[in-house]
Amino acid sequence: MKYWHDLLAAQADARPEAAGFSDSLGVSWSYGALAAAAAELSQVIRQAGVRPGDRVMVLAENCCAVVAALMASSQCGAVAVPVNARMSSGEVDRILDHARPVAVLISSQIEGSAQSHAARLDATEITGSFGAMHMACPYPSSADAPSGVAVLLYTTGTTGAPKGVMLTHKNLLFGGKASAELRNMVPGDVIYGVLPMTHVFGLASVMTASIYAGAEVWLEARFSAEKLYQALRRGVTRLSAVPQMHALVMQFAKEQGLDQLDSPVLQYVSSGAAPLDPDWKRRAEAFYGVALQNGYGMTEATAGVCATKNSSLGNPDISVGPPLPGVELRIDESVAGGGDGIGEVQIRGDNVMLGYYRNPEETAQVLDQDGWLRSGDLGRLDAQGLLHIEGRSKELIIHGGFNVFPPEVEAALNAHPQVVQSAVVGRRSKGDEEVLAFVQVCEGDRPDPADLMQFVRGQLAGYKCPAQIVLTEALPAAPTGKILKHKLLEHFAQQLR
């Protein structure tokens, strides 16, 4: 296989009647129907002037039409630019100005923000076997994307201005195969697809991996703990999610008076995008009844870098596992400067991006001439070659001359039975940095802040303990559920002293 869409062609040829993708709009496609829809849509966008090397923005939330649009772009030799429709007009416009797409496909059947974007961009409705979408054509053809690029994924901006990550067909084929084989995905599996396909986790590790394996995918536009719980009870066999989703579905079950999921078909559960702690891992395994796998990845590395494959419940391993086959790792200890083998995680392999679109300066800062990607994440390798993520280098807090890694403080907070999840950041204060904690709790089950502080002090050295704990019923989060740490100080400014 050479191109991303070859994965779909292979499934459509071998198993055209097999269940493929279904969504919350009631659409349900076999792999043959998905291939037909993508082929028809590719003709539509070609007629709109799209040429190989042009960009096609897919402004959307998860639904079947989005899968068709992404595959159609690949079939045209164009570069897909998946963008979450929940972004503001200003955020979308910045990406439009940078990517300069010839066509913008909008999944406007999903109510709300997508329809607003369609009206604002003066898009016209298009219909076919792919359903009903809207299309705008804001820019003329330029066909200037580097050869081999399949997708531009604009980062969420958690560490700065959004950048267009150029993922190649080779990247996506590698990532899809690695994710499918890691999870032992096979035809007949049912995958829950709530992770947005406009982000790398949902795009590579869920959508692409599922097509590679020929699995069935139940797409959901927006996360709901209740809907996830119902889907798990209804027949999902493999679940990939972020810790926040796991925490919320367990909390939902607890509110129903249930401690265990009790699913006879669930075989695999994994967590990514944030560190695990031992207590939380034990609780999750008791709930799901299967071993909880952990993983590490990033947009610039096509999602997958490392993952665990623990076979039994109760395994104390909270690492993110060894590198995936074909991925190399090294640790640059000069970045952290704190000893203990901790340094910046650097990555090389067929999963590493080509670079940032139209941004050679930023590309040169993270990619060296030998193909090593500087992740910006701090980690260490243990004696078994397992990677442990200690945090982001930019999130490292230096308090009183000591290094404080936020995941360690978060693990202490999350061990409290009344805590749903937490986020820890640093704030400059009188020539030092102080540790601030933001803790999500449930209405009617709020811990006393002083008791929670005392609980944490029993687990951490004094310099690691928060100067203040802010209790809240919701933390600012990206569509993936990942906590937006860069927004915490501003979001809770009035509650900070």
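**Figure 1. Salt bridges in the predicted model.** The structure holds 17 salt bridges, a salt bridge being a side-chain nitrogen of Lys or Arg within 4 Å of a carboxyl oxygen of Asp or Glu. The model is predicted, so that local features need pLDDT of at least 70 and side-chain atom pairs count only at pLDDT 80 or more, while totals for chains, interfaces and linings use all residues. Residues are numbered from 1 along each chain as its sequence is written, and side-chain values use heavy atoms, with hydrogens and water left out.

**Figure 2. The salt bridge of R86 and E61.** The side chains of these residues, R86 and E61, meet at 3.3 Å, N to O. R86 belongs to the loop between β4 (79–84) and α4 (89–99), and E61 to the loop between β3 (55–60) and α3 (64–75); the pair links distant parts of the chain, 25 residues apart. Helices (H or I, at least four residues) and strands (E, at least two) are DSSP runs, numbered from the N terminus. R86 is partly exposed, with a relative accessible area of 33%, whereas E61 is buried at 4%. Buried means under 20% relative accessible area, exposed over 50%, and partly exposed in between (1.4 Å probe, protein chains only).

**Figure 3. The salt bridge of R374 and E344.** An N to O distance of 2.9 Å separates the side chains of R374 and E344 in this salt bridge. R374 lies in strand β19 and E344 in strand β17 (residues 343–349), so the pair ties together parts that are 30 residues apart in sequence. R374 is partly exposed, with a relative accessible area of 40%; E344 counts as buried at 3% relative accessibility.

Figure 4. D382 is placed in the loop between β19 (373–381) and β20 (387–392). Although buried, D382 has no salt bridge, and the nearest side chain of opposite charge, R380, is 5.4 Å away. Lys and Arg count as positive and Asp and Glu as negative; His and the chain ends are not counted. The side chains of D382 and H388 are joined by a polar contact of 2.9 Å (a pair of N or O atoms within 3.5 Å; within protein, one must be able to donate a hydrogen and the other to accept it, and residues adjacent in sequence count only if both atoms are side-chain atoms).

**Figure 5. I347 in the largest nonpolar core.** I347 is among the residues that touch the most other members of this core of 119 residues, as are W4 and F21. A nonpolar core is a set of buried Ala, Val, Leu, Ile, Met, Phe, Trp, Tyr and Cys residues joined through side-chain atoms within 4.5 Å.
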